[in-house]
Amino acid sequence: MASERPLPPNQLPGAESGREFSHPGGRCRPGSGLLQISNQHNAEASTLEPTLFKMAEVDLNLDNVIPTTILPTYWAKLLVAFVSFVCFAHSYDGDFVFDDSEAIVNNKDLRAETPLGDLWQHDFWGSKLSSNTSHKSYRPLTILTFRINYYLSGGFYPVSFHMVNILLHCSISVLMIDVFSILFGGLQYTSKGRRLNLAPKSSLLAALFFAVHPVHTECVAGIVGRADLLGALFFLLSFLGYCQAFRESNKEGTQFSIFWVLLSILLSAIAMLCKEQGITVLGFNAVFDALVISKLNILEIVQKVRHKEKSLENIGWLKNGSLLFRMTLLFSGGATILYLRWRIMGTGPPVFTEVDNPASFADSIFIRAINYNYYYSLNAWLLLCPWWLCFDWSMGCIPLIKSVSDWRIIALAALWFCLIGLICQALCSEDSHKRRILTLGLGFLIIPFLPASNLFFRVGFVVAERVIYLPSIGYCVLLTYGFGILSKHTKKKKLIAATVLGILFINMVRCITRCSQWRNEDLLFTSALSVCPLNAKVHYNIGKNLADKGDQIAAIRYYREAVRLNPKYVHAMNNLGNILKERNELQEAEELLSLAIRIQPDFAAAWMNLGIVQNSLRRFGEAERSYWTAIKYRRKYPDCYYNLGRLYADLNRPLDALNAWRNATFLKPEHTLAWNNMIILLDNTGNLAQAEAVGREALELIPSDHSIMFSLANVLGKSQKYKESEALFLKAIKANPNAASYYGNLAVLYHRWGNFDLAKKYYEISLKLDPLAPGTKENYNLLKRKLEQLQTNSV
């Protein structure tokens, strides 16, 4: 084997061109990991020429066959930032969609009244980590950025949230130039500690491929995707920080800075606090260190182990104490981070259902393995051809493979054929440059994907576009290197250049169109029908949107289809039962809700809704039992206490009704309906003083609620506190000027007060808004007779 040329003092291992050179001063084993230093110690200028010559060699080896123009680093980064911004700018004014509602809009951790300390005890959705229903997705730093967004924008205005996501993706894409320059060109610094970009064309092209990849749309256009963006940002910063540790070298070998290694571990912890995948950067750093910094040749080691050669003892990495020390630091840091996370998260794993990840519930290990590998092939296909994108791939979207005769087995074979071929090239190639690029490309493709692979624990999804944000870096490395090889071995370089430009253009167009689909839920859910027509959740979400808009007939159609596709879809049954209840189709509603609680006995919402239906059917005893069963499974259930109070009011049990409503307001102080019902019940039973006290308490908690103002104004009017009652009526009317009853009751107040002209005025306004209001019409006729009588008497 030819010997390697000694490296100049300012060059680190990993910048080799793939060729080996003879040198009269001695031989250096490839993969020894020891930095070879010349005996001559000249001034800095003497080391500059070999550095520049080396850069030209690497450029010739790969970069010069890439059909792109060399741009200065500053302009290259501006170009990447501009292109990535153009791709995703269309999402800037989109709504909160899909998971954004639960993670942001309904998440109390974003509001100022929630102590900041709670963020460290809650999961991504605002639930306590200790709760049995928690998904254990611990991302407090991502939630903190949402909270800052909420504070700075003064509320839930999605534009500011979207802009942060777009800018994060642009920043990551720019950072990719530095990352790709290391992956393609190796790690080399000048004597002044400035890192050289030995692969400017390759790094630019790969960064453009990354910036415009349509599979990133979910992370950028979906606001909850910020977890993946922040995780990726700190993942890359951790990797670059680890590279910074090797800016200097000495005669003993590779000198490294322990500060930068420790900082890299800290950044990996920050990445994990943004998204769980972040911890995998420590594994990638270890691979990078072993293969690039220490130049470990795995094939050589395997061959020596197989042949039991004594020269194995002389392999440099076994004697390289600094490598072993760095591996120990990385392992210890990772173990410490995982232990702390385990302590915070609790020992219990998250609970997922079969519809979330059906393959993981298969009885046969063989069936599980086949389907997991099929899921991997689908992820690979999304990277290769990101045309069929869907916000959710669960609930029947991808039917299980249950037999080897299923034609989809071909996808598994194709995936492993490609992977095995790439792995063989990465391990067996004599070209060290090729080995490094393929190994690091595969490392980026596989290592960040491991937490989503089902290998270590069950995950709550089948395929998720967001989890391949980081693995797409490895795909871009392999794609760019592949185009380089093609261009090197063909004379039709213009055809290769046109293909590259075509891919970039098509991906940009696809990004823009996909961003438009993420702008609102109607477009997002409808777009999924063409990709996953068998996905019950898609039909469910479309039905829910239609129901929210009042289109019950269309909503019923989609809910029925969701239940047909997934006969155990209890949430679809619950929502369909609700609509049928509102349409007074009580018999079918009861059947659906009863089926839902048989399938999932602890489904509290279905128990409550069943109680409402039973109450409507005047089966009060059954309704009461259903309400209490719902409360048993969800102790803090204010709406159920409210409905229980209504049941007790119907049964003429006022004390029980008041207690139930009081529980509702205790659990949810802003529960307007419960407060109003308490005031009205106390008013109707003649407890005006108590009704007034409750009304004032409610108004203190919800000062802008016009319905409470109205109820309290009625009580004050009956207590002959006319002036205060008048003020509250006028305030309620100002807040809700179209409520006929507000004008009618204010007219009644003036009628009692003896202010007949104002009474007449407000009766007429009320009747104009609601001509059929019977009580108002009656009172108005009484007032007219009174006015006629007064006029007669005066004459």
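Arg326 lies over the face of Phe256, at 4.9 Å from the ring centre, where a charge is taken to sit over a ring if NZ of Lys or CZ of Arg is within 6 Å of the ring centre and within 35 degrees of the ring normal. The model is predicted, and local features need pLDDT of at least 70, side-chain atom pairs count only at pLDDT 80 or more, and totals for chains, interfaces and linings use all residues. Residues are numbered from 1 along each chain as its sequence is written, and side-chain values use heavy atoms, with hydrogens and water left out.

The protein has 34 helices and two strands, these being DSSP runs numbered from the N terminus (helices H or I, at least four residues; strands E, at least two). Of its 795 residues, 53% are buried, a label for under 20% relative accessible area, with exposed for over 50% and partly exposed in between (1.4 Å probe, protein chains only). Among the contacts with a separation of 6 or more, 67% are between residues 24 or more positions apart, a contact meaning heavy atoms within 4.5 Å.

A search of the whole structure finds 34 aromatic pairs, in which rings of Phe, Tyr and Trp (its six-membered ring) have centres within 6.5 Å, and planes under 30 degrees apart count as stacked, over 60 as edge-to-face and the rest as tilted. One of them is the edge-to-face pair of Phe98 and Phe525, at 6.2 Å centre to centre and with 80° between the planes. This pair links distant parts of the chain, 427 residues apart, with Phe98 in the loop between helix H2 (73–88) and helix H3 (100–105) and Phe525 in helix H19 (residues 521–531); both residues are buried. The ring of Phe256 takes part in another pair, with Phe246, whose centres are 6.4 Å apart and whose planes stand at 40°, so the pair is tilted. Phe246 belongs to the loop between helix H8 (226–244) and strand E1 (249–250), and Phe256 to the loop between strand E2 (253–254) and helix H9 (258–274). Phe246 is buried because its relative accessibility is 0%, and Phe256 is also buried, with a relative accessible area of 16%.

The axes of H8 and H9 come within 8 Å and cross at roughly 175°, and the two helices are therefore roughly antiparallel to each other, a term for angles over 145 degrees, where under 35 counts as roughly parallel, 65 to 115 as roughly perpendicular and the rest as oblique. Residues making this contact include Leu230, Phe234 and Tyr242 of H8 and Trp260, Leu267 and Ser268 of H9.

Leu282 is found in helix H10 (residues 281–293) and is buried, with a relative accessible area of 6%. Not counting residues up to four places away in sequence, Leu282 touches Ile265, Ser268, Leu330, Gly333, Gly334 and Ile337.

Notes. Axes fitted to C-alpha atoms, helices over the stretch in contact; angles between N-to-C directions.
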